[in-house]
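Colleague: I would like to go through this model feature by feature. Please give the general idea first where there is one, then the case at hand.

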Amino acid sequence: MTRQEPADTPLGDAFHLYDTTLRDGAQREGISYSVQDKLAVARLLDELGVGFIEGGWPGALPKDTEFFARAAKGELQLKHAALVAFGATRKAGTTAEADPQVQALLDSEAPVVTLVAKSDLRHIERALRVDVDEACAMVKDTVEFLTKEGRRVFLDAEHFFDGYAYSPETSLRILDAAAHAGADVLVLCDTNGGQLPLGLAETVRTIKEKTGFRLGIHCQDDTSCAVANSVAAVQAGVTHVQCTANGYGERAGNADLFAVTGNLVTKLGLDVLPTGGAAELTRVSHALAEIANIAPYTHQAYVGASAFAHKAGLHASAIKVDPLLYNHIDPSSVGNDMRVLVTEMAGRASLELKGRELGVDLAGRPEALTSAITKVKRLESEGWSFEAADASLELLLRQEADVPAEAPFELESYRVVLDHRADAEVVAEATVKVHVGGQRVIATAEGIGPVHALDAALRKALSPHLSWLDSVELADYKVRILQGHPGTDAVTRVLVQSTDGEREWTTVGVHGNIVEASWLALCDALVHKSTTVAPGLRSGPGAPPPGTPGSPAADVD
Ligand SMILES: CC(=O)SCCNC(=O)CCNC(=O)[C@H](O)C(C)(C)COP(=O)(O)OP(=O)(O)OC[C@H]1O[C@@H](n2cnc3c(N)ncnc32)[C@H](O)[C@@H]1OP(=O)(O)O
Ligand SMILES: CC(=O)C(=O)O
């Protein structure tokens, strides 16, 4: 077995970015990777450029044994990373050679092995039920055995910080035993995750000064300080950092690989990833969330969809001058995007920036901006919400900028009835009368509910005239009942997400009646689509909606 260094990372062996998603990350409640998943995760981490990928505990979990076997057979071709097998030191009262669990680490053919060892006297005496001499011998024997077999060995000193506070001598003896037996890195673990950054950094500095060993850090997130603790440890002298994708891990999780890497690269100037790697952080984070089957956390630092989303008008007014006035970094440096959200908290600058993003130029149009912001604030106070409904907002901005969207049809009227017959399902029936393509068209359709029936009738009426209509589908439909102010009725807010197979767009409708709220959102969806394909009539919240009668079209039934 040849010793394998992490290849092709700018800092080479000087700094280790070590990922344990496939071992510690998999200890998170709710995650269960298949072997295929594990191979896919490893490939993504390697693409990103981490130096070490801990693949699991061969010999303890059959899936992990299979993962290493398939990796060894060539299913995993790593460009950057070295593969690491994780396991424990030999059992008490045996030899490393005779311990099947240690043998399984060798059989995995991983070039690097990380051994977990107890370094807290209380754990040694009460969990292992051995004395400190035997605990040190377990470490020494196992490290020596594996290094003689050509493996590079790292030692995870479990419960190090708590153990060092309780019995410093014991914890130091464990580190000593590993280092003198040939372990390359002594990883100080905050296993219970109870440390805070200042105290942890002070301990790291002390250990570094006392021992001169190469140190690593492994932080659980029980105080929500795993990322801060990891970064503080680097500042205090560790050159090996263990993390997991999106902070997955036992209990409250681990140090988030993406936040730690973002901090190391953008704050400490450490090139821990190959060129271009940092710009892949957001993509890889989301891809790994997909494999774990966990919805990405939108507010995750650096990589979350909201990490650079600005809602406050005052933020937008400064961002208009220079985006870095309200962003701690350029979002694109980690593969993310800045977004301006338009809500009741928006100001004119927010609308100008949003207009730029949506292709509606409002720069140098103070009157249009004032009118638009007044309308947005009024509508939001009435229950409209544009934050997630960019398509409706675009229609509103177009209206204010005097480049109104043109609706492809005009409504004369619609009617919906519900038919509840004994011993039968409830059936909804809708009739729409519209003017489209110079004709007056009347269509009737049934549906399982009133909105379904209305949508079906509208499609029936418009389909012969709008060639693109069949490609447009409803992707999502959300309803929220908003309590009215005292003395007013509740209103219903409907968000409709539409897709044409290539794009998705969201529209909003608000009304005291759920059918009308849905109608408004449905109409905006079609008007928005038509702006990309065909001319028609004006629409948008605050503009004469397609529901407004008065079309010049001929009355042809
Ligand atoms: C801090 C961490 O997260 S470390 C990673 C922890 N991960 C896991 O535990 C997941 C995988 N674990 C497993 O599959 C199982 O627990 C196994 C296969 C490792 C062990 O299973 P079992 O043999 O049934 O033992 P069990 O889990 O009940 O207890 C662990 C044994 O290992 C011993 N042990 C614990 N840590 C160490 C260590 N660092 N070195 C040597 N032995 C250890 C314990 O004293 C106990 O010994 P005992 O059986 O003589 O009481
Ligand atoms: C090794 C490890 O996972 C821990 O100490 O938390």
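**Reading the folds and the ligand shells**

Modeller: Start with the barrel: 8 strands close into a barrel in the order 1-2-3-4-5-6-7-8, and the pairing is parallel. On average, neighbouring strands of this sheet are turned by 25° against each other, direction ignored. Keep in mind that this is a predicted model.

Colleague: How many bridges join strand 4 to strand 5?

Modeller: There are 7 bridges between strand 4 and strand 5 (residues 152–158), and the two strands run parallel.

Colleague: What does UniProt place at residues 15–283?

Modeller: The UniProt record, an unreviewed entry, places the feature "domain: Pyruvate carboxyltransferase" there. Over residues 15–283 the chain is 45% helix and 17% strand. The end C-alpha atoms of that stretch are 23 Å apart.

Colleague: Now the ligands. Which residues come nearest to ligand 1?

Modeller: Of the 15 residues around ligand 1, the nearest are Ala-60, Ala-88, Thr-89, Val-116 and Leu-128. By class, the shell has 9 nonpolar, 2 polar and 4 charged residues.

Colleague: Which elements each supply at least two residues of that shell around ligand 1?

Modeller: Strand 4 (112–118) and helix 4 (121–128) do. Strand 4 gives the most, with 3 residues.

Colleague: And which residues are around ligand 2?

Modeller: They are Asp-24, Val-116, Asp-156, Glu-158, Cys-189, Thr-191, His-218 and Gln-220. The classes in the shell around ligand 2 are 2 nonpolar, 3 polar and 3 charged residues.

Colleague: How should I read a pair of packed helices?

Modeller: Two packed helices are described by the angle between their axes and the distance between the axes. Take helix 1 (residues 35–48) and helix 11 (residues 281–292): their axes come within 10 Å and cross at roughly 175°. Helix 1 and helix 11 are therefore roughly antiparallel to each other, as angles over 145 degrees count as roughly antiparallel.

Colleague: Which residues of helix 1 and helix 11 make the contact?

Modeller: Helix 1 contributes Asp-37, Ala-40, Val-41, Leu-44 and Leu-48, while helix 11 contributes Val-284, Ala-287, Leu-288 and Ile-291. Sorted by class, the contact of helix 1 with helix 11 has 8 nonpolar, no polar and 1 charged residues.

Colleague: At what angle do the axes of helix 13 and helix 14 cross?

Modeller: The axes of helix 13 (residues 348–358) and helix 14 (residues 366–381) cross at roughly 105° and come within 9 Å. Helix 13 and helix 14 are therefore roughly perpendicular to each other, the range for that word being 65 to 115 degrees. In this contact, Arg-348, Leu-351 and Glu-352 of helix 13 meet Leu-369, Thr-370, Ala-372 and Ile-373 of helix 14. The residues of the contact divide into 4 nonpolar, 1 polar and 2 charged.

Colleague: How many bridges join strand 12 to strand 13, and how many join strand 13 to strand 14?

Modeller: Strand 12 and strand 13 are joined by 10 bridges and run antiparallel. Leu-418 has Ala-428 in strand 13 as its bridge partner. Strand 13 (residues 426–436) and strand 14 (residues 439–447) are joined by 9 bridges and also run antiparallel. Here Ala-430 has Ala-445 in strand 14 as its bridge partner.

Colleague: Which residue takes a positive phi in the hairpin of strand 13 and strand 14?

Modeller: Gly-437 does, with phi near 55°, and this hairpin has 2 residues between the strands.

Methods. Residues are numbered from 1 along each chain as its sequence is written. Chains are lettered from A and ligands numbered from 1 in the order in which they are written. This is a predicted model: local features need pLDDT of at least 70, side-chain atom pairs count only at pLDDT 80 or more; totals for chains, interfaces and linings use all residues. A residue is near a molecule or strand if its C-beta atom, placed from the backbone, lies within 6 Å of it. Helices (H or I, at least four residues) and strands (E, at least two) are DSSP runs, numbered from the N terminus. Ala, Val, Leu, Ile, Met, Phe, Trp, Tyr, Cys and Pro count as nonpolar, Asp, Glu, Lys and Arg as charged, and the others, Gly among them, as polar. Axes are lines fitted to C-alpha atoms, for helices over the stretch in contact, and angles run from 0 to 180 degrees between N-to-C directions. Angles under 35 degrees count as roughly parallel, over 145 as roughly antiparallel, 65 to 115 as roughly perpendicular and the rest as oblique. Two residues are in contact if their C-beta atoms, placed from the backbone, lie within 7 Å. UniProt positions are given in the numbering used here, feature names are shortened, and annotations may be inferred rather than shown by experiment. Two strands pair if DSSP finds at least two bridges between them.
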